[in-house]
Amino acid sequence: GPGTGQRDEWLTLSGAKLDAVGETVAVEVVEAKNLPAMDKGGTSDPYFVASLLSEPGGKEYAKHKGATVKKNINPAWNDKFDLSADGKTPAKAPKA
């Protein structure tokens with residue numbers, strides 16, 4: 001918000017991996033590169049928020065916030081998660 005040094009941006013994902021099964025979407029957020037420096041020291045403390053919406057600007061079914069990567073403009077998250085349209089975290093399949 002205003003005066004916080006933060007800004008909200010919609011990013012266009014290239015190479016995003018989405019896998020839809022029924023009402024569940026499997027998401028993998030790997031990394032970001034060359035983010036704008038938001039701190040005085042020329043770095044940022046980036047994180048991401050992924051939301052599953054009914055349509056652009058529509059109802060939010062599920063949301064996941066990634067970890068904050070301190071003092072980094074090229075963060076790597078390697079975060080895999082599922083978003084479900086019922087708002088619940090889907091059960092993970094047992095590993096064979």
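Start with Glu31, which is partly exposed, its relative accessible area being 45%. This is a predicted model. The partner of Glu31 is Lys33, and the two form a salt bridge in which the closest N and O atoms are 3.8 Å apart. Lys33 has a relative accessibility of 54% and counts as exposed. The pair counts as a salt bridge because the cut-off between the nitrogen and the carboxyl oxygen is 4 Å. The structure holds one such bridge.

From here, turn to the fold. The protein chain has five strands and zero helices, so from the N terminus its elements read β-β-β-β-β. Among contacts with a separation of 6 or more, 56% join residues 24 or more positions apart.

Next comes the interior. Of the 96 residues in the protein chain, 21% are buried. In soluble globular proteins, nonpolar side chains tend to be buried together. Here the largest nonpolar core has twelve residues, among them Val25, Phe48, Leu52, Trp77 and Phe81. At least two residues of this core come from each of β2 (24-31), β3 (49-53) and β5 (76-84).

Val69 also belongs to this core. Beyond its neighbours within four places in sequence, Val69 is in contact with Ser44, Asp45 and Pro46, and also with Pro75, Ala76 and Trp77. Trp77 is itself a member of the core.

The accessible surface of the protein chain is about 7,600 Å², and carbon and sulfur atoms account for 52% of it.

Methods: Residues numbered from 1 in each chain as written. Predicted model: local features only at pLDDT ≥ 70, side-chain atom pairs only at ≥ 80, totals over all residues. Heavy atoms only, no water. Helix = DSSP H or I, 4+ residues; strand = E, 2+ residues; numbered from the N terminus. Buried < 20%, exposed > 50% of the residue type's maximum accessible area, 1.4 Å probe, protein only. Contact = heavy atoms within 4.5 Å. Areas by Shrake-Rupley, 256 points an atom, 1.4 Å probe, with all protein chains shown as cover. Core = buried A, V, L, I, M, F, W, Y, C linked by side-chain atoms within 4.5 Å. Salt bridge = Lys/Arg side-chain N within 4 Å of Asp/Glu carboxyl O.
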